[in-house]
Amino acid sequence: TGYFTYDPGFMSTAACKSAVTFIDGDQGILLYRGYPIEQLAKQSSFLEVSYLLMNGELPTQAEFTAFDHEVTHHTMMRESQKNFLNGFHYDAHPMAMLCASVGSLAAFYHDGLDMNDPAQRRLSAIRLLAKMPTIAAACYRYSIGWPIRYPRNNLEYVTRFLTMMFEVPSEPLKLNPVAAKALDLLFILHADHEQNASTSTVRLIGSTGANPYACVAGGIAALWGPAHGGANEAVLKMLAEIGDVKNVAKAVDRAKDKNSGFRLMGFGHRVYKNFDPRATIIREMTHEVLKELGVSDPLLDVALALEQVALKDEYFIERKLYPNVDFYSGIIYKALGIPTEMFTVMFAIARTAGWVAHWLEQHESADAKIGRPRQIYTGAPTREYKPIITR
Ligand code: CMC
């Protein structure tokens, strides 16, 4: 009983109007501000895409230079934030550290933030975009016991991040341009995806007027789950567990058995019921990147075989289950030397562009309201309280 439409999982409820990203799940179309993901993947860069998502238009050269300068000059972490990081146990999961560290930014930048001032809102969005790679790399280095590296502001976004991750003072980091290009491309593909669980979380928290650092920390928490961004880590663990092409058929059978509690990670999507255009792009680049980096990974053979078997299987055909963006991303991250626990952190860095774009849009919207879902009550009817001795 109830007076509301019952829509668990928001299968058919539009919670907002948005001009950021368009998805047609049946046709496999993904547009950022009207631009097809295929064109952006081929011709743009992550920072340009971030500008596009936040501002609605592609930048002119002068606008891009100014944006790049601004982002670059907000990359530093406060020294005292390191103390915060030092409180974590040495083997804390980097997502746990990232979530808490980003939330803690509110304590460093919250005072004086006037949420009604568009310039201040924009500055906090820039801060999040700029600091996310610094915090992410710091979490990684803390987890392996290495000292944190400063962001080198003479480098561009992705190279700066890779340098903070892997540089040691004694030997300058030899960065393969193929690696930087591949990571930039993965960041573009993950930058936004309409009202997914983490973006909806950012918007729900944002709807209360909470500060943007708290909103994005909430987004990171939502992203962590294996049904969402945590899938990339889960895919690699699954492929490693399958281990060999000869075990693939058994794994597919297990995924079909509802009692097994096992799903093929990296398969299926709430919106894409034909193919995930991001997966198509990643699948092509995986071969290329591995070849150019001179890496041969037997897990790629396992992934290819798994895809082959699943795509021919009635169970997966009937349910329209196809590989999603995260089926191949882990193999590329691994080839780039990124440890498995950092995969979802990579996703978080990229999705920050989308989170802040949606948060900015929400605060400019004329019909913004606090998010307040209703429920269908299934509990007891009104009843009399009984003192404990009479129960
Ligand atoms: N392996 C086996 N069966 C599956 C899978 C899978 N990966 N995904 C869905 N199914 C089955 C499910 O059991 C159900 O079967 P039935 O109709 O017989 O009960 C049917 O397909 C529909 O599944 P659902 O859970 O109702 O679909 P959903 O739209 O609620 O969930 C999903 C979408 C992505 C959570 C789900 O497909 C899944 O858990 N996939 C694995 C995790 C994953 O790869 N997530 C990353 C998503 S893409 C990255 C991102 O944007 O976050």
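Biologist: Buried means under 20% relative accessible area. In this predicted model, is Tyr157 buried or exposed, and with what relative accessible area?

Modeller: The cut-off for buried is under 20%. Tyr157 falls under that limit and is therefore buried, with a relative accessible area of 3%.

Biologist: What kind of aromatic pair do Phe46 and Tyr157 form, and how many residues apart are they?

Modeller: The ring centres of Phe46 and Tyr157 are 5.3 Å apart with 50° between the planes, which makes the pair tilted. Phe46 belongs to helix H2 and Tyr157 to helix H7, so distant parts of the chain are linked. Phe46 is buried too, with a relative accessible area of 0%.

Biologist: Which geometry does the pair of Phe267 and Phe327 have?

Modeller: Phe267 is in the loop between helix H12 and H13, and Phe327 is in helix H16. Planes over 60 degrees apart count as edge-to-face. With centres 5.2 Å apart and planes at 80°, the pair is therefore edge-to-face.

Biologist: Which ring has the charged end of Arg319 over it?

Modeller: Ring pairs link Phe267, Tyr315, Phe316, Phe327 and Tyr328 into a cluster. The charged end of Arg319 sits 3.8 Å from the centre of a ring, that of Tyr315.

Biologist: Are H8 and H13 roughly parallel or roughly antiparallel?

Modeller: Their axes are 11 Å apart and meet at an angle of about 170°. The contact residues comprise eleven nonpolar, no polar and two charged. Angles over 145 degrees count as roughly antiparallel. H8 and H13 are therefore roughly antiparallel.

Technical notes: Residues numbered from 1 in each chain as written. Predicted model: local features only at pLDDT ≥ 70, side-chain atom pairs only at ≥ 80, totals over all residues. Heavy atoms only, no water. Axes fitted to C-alpha atoms, helices over the stretch in contact; angles between N-to-C directions. Helix = DSSP H or I, 4+ residues; strand = E, 2+ residues; numbered from the N terminus. Parallel < 35°, antiparallel > 145°, perpendicular 65-115°, else oblique. Nonpolar A, V, L, I, M, F, W, Y, C, P; charged D, E, K, R; others polar. Phe/Tyr/Trp six-rings, centres within 6.5 Å; stacked < 30°, edge-to-face > 60°. Buried < 20%, exposed > 50% of the residue type's maximum accessible area, 1.4 Å probe, protein only. Lys NZ or Arg CZ within 6 Å of the ring centre and 35° of its normal.
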